[in-house]
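Let's walk through this structure together, one interface at a time. Please have the sequence and the 3D view ready as you read.

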Amino acid sequence: MARIQVNPTRMELLRLKKRLAVARRGHKLLKDKRDELMKRFLDLVRSNRDLRQEVETRLAEAFREFVLARAVLSREALESALLMGAPPLDLPVDTQNIMSVEVPVFELLFAEYRADELPYGMAGTPGELDAAIATFREILPAMLRLAEMEKTAQLLAEEIEKTRRRVNSLEYVLIPRLAETIRFITMKLDENERGNTTRLMKVKDMMVRQALEQARKFDEGVAAEREGRLA
Amino acid sequence: MEFIDALNKIFTGNVIAFFGASLAAILSGMGSAKGVGIVGEAAAGVLSEDPGKFGKLLVLQALPGTQGIYGLLIWFMVVVVKGNFLFGNTVLTVEQGWQMFAACLPIMIVGYFSAIAQGRVAAAGVQLVAKRPEEQSKAMVLAAMVETYAIFALLASFLMVFFGVKIG
Amino acid sequence: MTERTTAFRRPAPDTDYAYASSRVRALEARVLDGARMARLSEAQSVDEVVRAMAEAGYPSGEQPEQSLSEGLAAQAALVRDLFPEPGYDEVLLLPQDAHNLKVILKAFLSGQLPDGERFVGDETSALGEGLLAGSGSGDVPGDDLASLPRFADVPTADSLRPYALSPSLEPFQAVYEAVRDRSAGRIHPFLEAAAVAAVRAFAQDPVGSVLDAAVDRLLYDTLSRKVAALGNPWFRDFQAFRVDLLNLGVLLRVLAMGSPAGRLAQELLPGGSLPETAFLRLEGATGEQVADAFRATPLAPLSALAPEYGKPGVAARFGRLADDLLSARVRTGRRVLFGPEILLGYLHAREMEAKNLRLVLTALRNGIRSAQVRDLLRDTTF
């Protein structure tokens, strides 16, 4: 594991230790966030699947009727029957914050459909069309809800992925790297310490030897003097 | 009385017999023309979709034409054979003239109506052939049934002209 | 209104129809009958259907559906030309004109709803103001187009032409221009009256069905009068019966949708053999009551479906049964030697055949089981 290029000083060590502590705390928080996101996401996916299934079965049913209606009508008759669509609808989009993820919320502000509010008259169209159109209409809120859920799930998934990457990079890159660097600096500092001690010991050694020399020299001088006096 | 005299002068036996003969030819001819016309129109309608059926349809179209021939036949009987108006100078009494006229009535009336009726049956036959060409013979039999009554009328007129009216 | 007192014309003698009837009988041989249609419903590919269509006299083309409508239009045009007396053209083409008028009005009036704002009660809207104040362009309101307020932002005629039916009594362009310019007296009086009635009704209740229903009511009123004026009793009865069938369908659909009171009266068509009150009486009735009410009428086989109307597939069965009842009427009419009955019956047969072919094609393209298709095939054996 590569370490960070830093001066192995005590200041740096202190800074790194602080960073490590922050990284560890961040890692724990992100891990919690990821788990919570996962929980929410799974819930969402489950209800999304149910809704999707419902929408799809109902759409398939409606399409069966619609296809039959189309079969007995000419293209012009069908298209002009549906020329004047439903009354326009408002769809204000708000956002909601899930674990700091901004997700869309559709406000389903439909003017209540009147059951009889058809875009076509009955004389020129077959009855098969009614059921299909009614189902398409009924299903619209569910489809919007589905769109909302799927977008939310998508955004959550992105966020989960991002968080997971962060957790991983903290867990496998930043934290080990910091730890490594700290160890390196500590070792470096320890080594310096040990070098110092040795030097001191050596100096002390030399000083002792010098002192011994001097003492010997002094002793020799005293001895010579004594011999001279004797001699 | 002058008016009656004038009338007697105009309506001699010969004139009345001529009237009968002419009407026999005219009415049965008209009937045939109408009948053949109806079948002809119907046949033309089919032929415009399927020209290959011309032969089969032509036979059907000819069927209502016979009444006209019968009418002409009676005309011939009265004017040429029995009355011999063209080559002799037969003079009929008023009574004989009316007898001639009455003898012409069957083919005059039946010829007219049977020709039209036969034309309609033949036209129906044309429509039948349009769908099922193999049934042409049946269509002809159906149309020919109407012919029976034209022939009865012809027979009645013929017998009366020949044996009913006593001349000389 | 228009021509309230239509003179009853003496119908042409039947022999006038000798050529036309026989020609149509020859054409009938090419209509795909029940047996051939049943075989065709088993078809495995669109090519098989296209081959059968060529046999039946449809033009060949890239799109089978396209050649289907082209062929049908060609046959209709041919038959219309065969009528030896006038009047039938108008009766046969008027529904096409009504369709075109609906297209034009729908397109014009859709543009009148900016950003979901409904113009009813909206004082600033030109259309709403003009109609509800009862005076268009400051003039005294009449029944002609000039009494309508101006339409804003109308789409071009070319953009609407794909929805239009041709041929029609009045060219699409003429109807479009007359309605756009609100110039009176340029198109068929029925179209003018229908346009005015439809716009007025739409101003009261801006729903597409109201617009269509206003045009259709006037259309069927006009049709029944014009058909009666033709002097053919069979056609008159046929038209009335057709209206009865449509009205029963309307009743069942309104009941199935649980529409509020008043909707039925808007949608019911005039000119049926059963009076409108016979249907209005059943507003809010149950299916069983409807079935009981029509038990003694020719509609009995259809009204028997009333209790289960609204379940999937019943509407389609209703449509088939209604068509078959009409076909039965056509069969009785066609027993004449010559006459308009044969021509009209042939048109009906071709329409049924086109429906059948469309059904088979749709089934092939959407993977619908052939058994289900056979259930919906219309009777084309005449």
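Between chain B and chain C of this predicted model, nine residue pairs are in polar contact, with both residues at pLDDT 80 or more. A polar contact is a pair of N or O atoms within 3.5 Å; within protein, one must be able to donate a hydrogen and the other to accept it, and residues adjacent in sequence count only if both atoms are side-chain atoms. The pLDDT is the predictor's confidence in each residue, on a scale from 0 to 100.

Which helices of chain B supply at least two residues each to the side that touches chain C? They are α2 (13-49) and α5 (94-131), and α2(B) gives the most, with eight residues. Helices here are DSSP runs (H or I, at least four residues), as strands are (E, at least two), and they are numbered from the N terminus. By class, this side of chain B has seven nonpolar, three polar and four charged residues. For these classes, Ala, Val, Leu, Ile, Met, Phe, Trp, Tyr, Cys and Pro count as nonpolar, Asp, Glu, Lys and Arg as charged, and the others, Gly among them, as polar.

There are also three salt bridges between chain B and chain C, a salt bridge being a side-chain nitrogen of Lys or Arg within 4 Å of a carboxyl oxygen of Asp or Glu. You can find Lys131(B) paired with Glu28(C) in a salt bridge, at 2.7 Å from N to O. In total, 14 residues from chain B and 17 residues from chain C take part in the contact, where contact means heavy atoms within 4.5 Å.

The size of an interface is often given as the accessible area lost when the parts come together. Chain B and chain C bury about 1300 Å² between them, and carbon and sulfur atoms give 58% of that; buried area is the accessible area (1.4 Å probe) that two parts lose on being put together, summed over both. On the chain B side, Glu49(B), Gln127(B) and Lys131(B) lose the most area to chain C, together 44% of what that side buries.

Now turn to chain A. Two pairs of chains are in contact, and chains A and C share the most contacts. Chain A and chain B, on the other hand, have no contact, and their closest C-alpha atoms lie 27 Å apart. Where chain A meets chain C, 34 residues of chain A are in contact with 46 residues of chain C. About 3300 Å² is buried between these two chains, 61% of it on carbon and sulfur atoms.

How many salt bridges cross the interface of chain A and chain C? The rule finds one, and Asp130(A) and Arg253(C) meet in a salt bridge at 2.7 Å, N to O. The interface of chain A and chain C also has 12 residue pairs in polar contact, both residues at pLDDT 80 or more. On the chain A side, α1 (10-71), α2 (75-81) and α3 (128-230) give two or more residues each. The largest share, six residues, comes from α2(A). This side of chain A has 18 nonpolar, six polar and 10 charged residues.

The contact between them takes 40 residues from domain 1 of chain C and 37 residues from domain 2 of chain C, with about 3500 Å² buried, of which carbon and sulfur atoms give 55%. Four salt bridges are counted between these domains. In chain C, Arg365(C) forms a salt bridge with Glu65(C), the closest N and O atoms being 3.0 Å apart.

Finally, a word on confidence. The model scores ipTM 0.85 and pTM 0.81. Chain C has a mean pLDDT of 84, and 89% of its residues reach 70 or more. Among the elements of chain C, helix α11 (residues 233-257) has the highest mean pLDDT (93) and helix α6 (residues 126-132) the lowest (46). Where pLDDT is low, the predicted coordinates should not be read in detail.

Residues are numbered from 1 along each chain as its sequence is written, and chains are lettered from A and ligands numbered from 1 in the order in which they are written. In this predicted model, local features need pLDDT of at least 70, side-chain atom pairs count only at pLDDT 80 or more, and totals for chains, interfaces and linings use all residues, while side-chain values use heavy atoms, with hydrogens and water left out.
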